[in-house]
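Subject: Structure handover

Hello,

Here is the structure for you to look through. My notes on what was found follow below it.

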Amino acid sequence: MEKHTGKSSSFIGRHRWRATLDSPRSTFSPKLYHKSTLQLPPDHDIPPDHDHNSYSIPDDVDYDQLLLQIDRFIDELSTAEDKTTLPDIPHHLDTFCKIIKSKTRKSTRSGSAPRNGEMITDQGTFLYESVKRLWKLKTILAPNTPLLDKITKLLHRAMLFMEEELRSLIIIEPRPPPEPKLKVMSLRYSSFNTDRSCSLSEPPTKDDDFPGFSEEKTMRINKIVTTMISVGYKNECSNIYSMGRGNALYDQLKKLDFEKLNAEDVQKLNWDWLEADVSRWIRIIKHCSCVLIPAERLLGEKIFSEHLYVFRGLFSNLIRSVVTSLLDYAAAVAIRKRSAERLFKFLDMHEALNGLREATNDSSDETKDEQSCNDLNAEISSVIDRIGEGVVNMFGDLENSIRNDVAKTPVPGGAVHPLTRYVLNYVTCACEYGDTLEPIFQQNAKLNQATSPEEMEKSPMAAQIMSVMSVLDDNLAVKSTLYKDPSLRYIFLMNNGRYILQKVKGSSEVKKVMGDDWCRRRSSEVRHYHKSYQRETWTRVLQCISQEGIQVKGKVDKKVLKERLKNLNAMLDEIGKTQSTWVVSEEQLLSELRASISGVVIPAYRSFVGRYKHHLEGGVKSIDKYIKYQPEDIETLIESLFEGNLTSMSRRRFYS
């Protein structure tokens, strides 16, 4: 890109706008107003403004009749065998030339553009038609003749007028930009100790003001453009159009703080600061894809309806001027050091760029320049591929982070580990991007090899998600060994397993990825942990209240009975004291666990006490000494289990 001589911290402020048909690649910059590319005829050929007699025109001129007379003269010239010998020049040709000079006088003498609306008359249409006659006269007149010189100068004069008229219509003075309404999405979280919720960019809204042309104004521009191109002034017309629309696009992007995006700053900024800029970039890309590009294409198709081949190149260069700068910024973000936390911003960027590629490669667009579009789409696709590679590598970073999350202290009460919550929230949000992730993993399958037969049967994305879940399971198994009490170890595994299962079932996207077979296996694992807990804790209680060993030779051994009841009381005291501080996070699981314990323990206890309490000597006082818990008391004790202490309860609220 061609740079300004002065320095600028703005990403696009350093580049100058160039809009020529020969340039294969345009760049984008702030507003630059071109002066006229046409030269005025010599002053001796243009009468002074105050000499109104030189432009005196009869009031009763019939413009249609005058054009017919000029057409007859042109036909007479075109059929003449000797082009060097002119027929008698009719007086109406002089009137014709005076009218054209009169209509173009203000523009050529003042050097200022005509006011908008100056050509909204039938006389304005007459000027368009007159220019076409001048062009025909110029092409058929013999060279080096006074009339050719006069016609040529008059055509230049008319073209200068139309050029200024076109510039006044195309160039829109910018209004002060409104306060930015950008939604800054901060999804920061530290390590694996915070829940993450999905948050997507706000979709852009259509600006009813853009491109800011009424139907009437568009038709006037169309007449000027059609006339200028038809008489050989394609380059002058194209330069004015490109400059005006380039400035208009710049003004639109300026409202979205486009100037604040600096590719050179990407590597310097902390991600927390850069994240807001990336959100701004995403919004700009979506605005370009959904609003600016379609509106610009529609406007150009109307203005260049008779010369769509001219618009193809202009449109491609206009869009390239915007897109190239935005792609440079995205490429700079893509090569930054990656981490798993940035996945969702990268996915938003990937989706935005896909939308941009579709917008610039509209298959229904008959005006597009195939080669230019292919080159532009290749550039967009290159950046999309880089971001896709970053996404795949971020999943690798996620797995490494899970493996490296080594804790020396267990979570109090066997509650759901923060790592579990983090990974499941991460996976849930990732699966919501399934339509984006699936093609990314398919394209980068070599970077993400499946490690198990089950993963190999899945799609690349599903295999990656299952790999993450498998790494999490391995990590939780290691963390469970931090609990010395086997019962608490199973509570921990049951809590985390149930949480994982519920999160998967609660998301249709994740459940679709994991599959019904995985859900059934996970349910079996949770039931296994449940049974293992009951076996570790309550089997000893049930052994105390079993009838085996109580009777010796058909008689109740009171000593054994008392010892049994004494041990039972101690066990229940310890269970109540210890397991009331444990945590079961999920309400349904808590209810199921308590119900299963009560269903086994209370009937057995009630039967045991009812059968042997009358064998205790010493009356009621002795019975109360050995039978500390009534069946109702055990039920109350069971209902108090897994409530958690103050510390664990606060953690449950924080991580739920």
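Which residue forms a salt bridge with glutamate 379, and how far apart are the closest N and O atoms? The partner is arginine 320, and the closest N and O atoms are 2.7 Å apart. This pair links distant parts of the chain, since glutamate 379 sits in helix 10 (residues 370-403) and arginine 320 in helix 8 (residues 308-334), 59 residues apart. Arginine 320 is buried, with a relative accessible area of 4%, while glutamate 379 is partly exposed at 22%. Please keep in mind throughout that this is a predicted model.

Overall picture

The chain has 656 residues, and buried residues make up 51% of them. Its secondary structure comes to 22 helices and two strands. Of the contacts between residues at least 6 apart in sequence, 80% join residues at least 24 apart. The accessible surface of the chain is about 31600 Å², and carbon and sulfur atoms account for 50% of that.

Salt bridges

The count of salt bridges is 23.

In helix 3 (residues 122-140), glutamate 129 and arginine 133 lie four residues apart, about one turn of the helix. Their side chains meet in a salt bridge, 2.8 Å from N to O. Arginine 133 counts as buried at 12% relative accessibility, and glutamate 129 counts as partly exposed at 26%. Both residues also belong to a network of salt bridges that links Asp71, Glu129, Lys132 and Arg133.

In helix 4 (residues 146-170), lysine 153 and aspartate 149 are likewise four residues apart, which separates them by about one helical turn. The N to O distance in their salt bridge is 3.0 Å. Lysine 153 is buried, its relative accessible area being 14%. Aspartate 149 is partly exposed, with a value of 40%.

Aromatic pairs

A search of the whole structure finds 14 aromatic pairs. One of them joins phenylalanine 311 and phenylalanine 315: the ring centres are 5.4 Å apart and the planes are at 40°, so the pair is tilted. These two residues are in helix 8, four residues apart, and thus separated by about one helical turn. Both phenylalanine 311 and phenylalanine 315 are buried.

Glycine 434

Helix 12 (residues 434-443) also contains glycine 434. Is this glycine buried or exposed? At 14% relative accessibility, glycine 434 counts as buried. Leaving aside neighbours within four places in sequence, glycine 434 is in contact with Pro439 and Met461. Valine 510 is 76 residues away along the chain, and its C-alpha atom is separated from that of glycine 434 by 9.2 Å.

Cysteines

How many disulfides does the count come to? The count comes to zero. A disulfide is a covalent bond between the sulfur atoms of two cysteines. As for individual cysteines, cysteine 237 counts as buried at 0% relative accessibility, and cysteine 544 counts as buried at 9%.

Regards

Conventions: Residues numbered from 1 in each chain as written. Predicted model: local features only at pLDDT ≥ 70, side-chain atom pairs only at ≥ 80, totals over all residues. Heavy atoms only, no water. Buried < 20%, exposed > 50% of the residue type's maximum accessible area, 1.4 Å probe, protein only. Contact = heavy atoms within 4.5 Å. Areas by Shrake-Rupley, 256 points an atom, 1.4 Å probe, with all protein chains shown as cover. Disulfide = S-S within 2.5 Å. Salt bridge = Lys/Arg side-chain N within 4 Å of Asp/Glu carboxyl O. Phe/Tyr/Trp six-rings, centres within 6.5 Å; stacked < 30°, edge-to-face > 60°.
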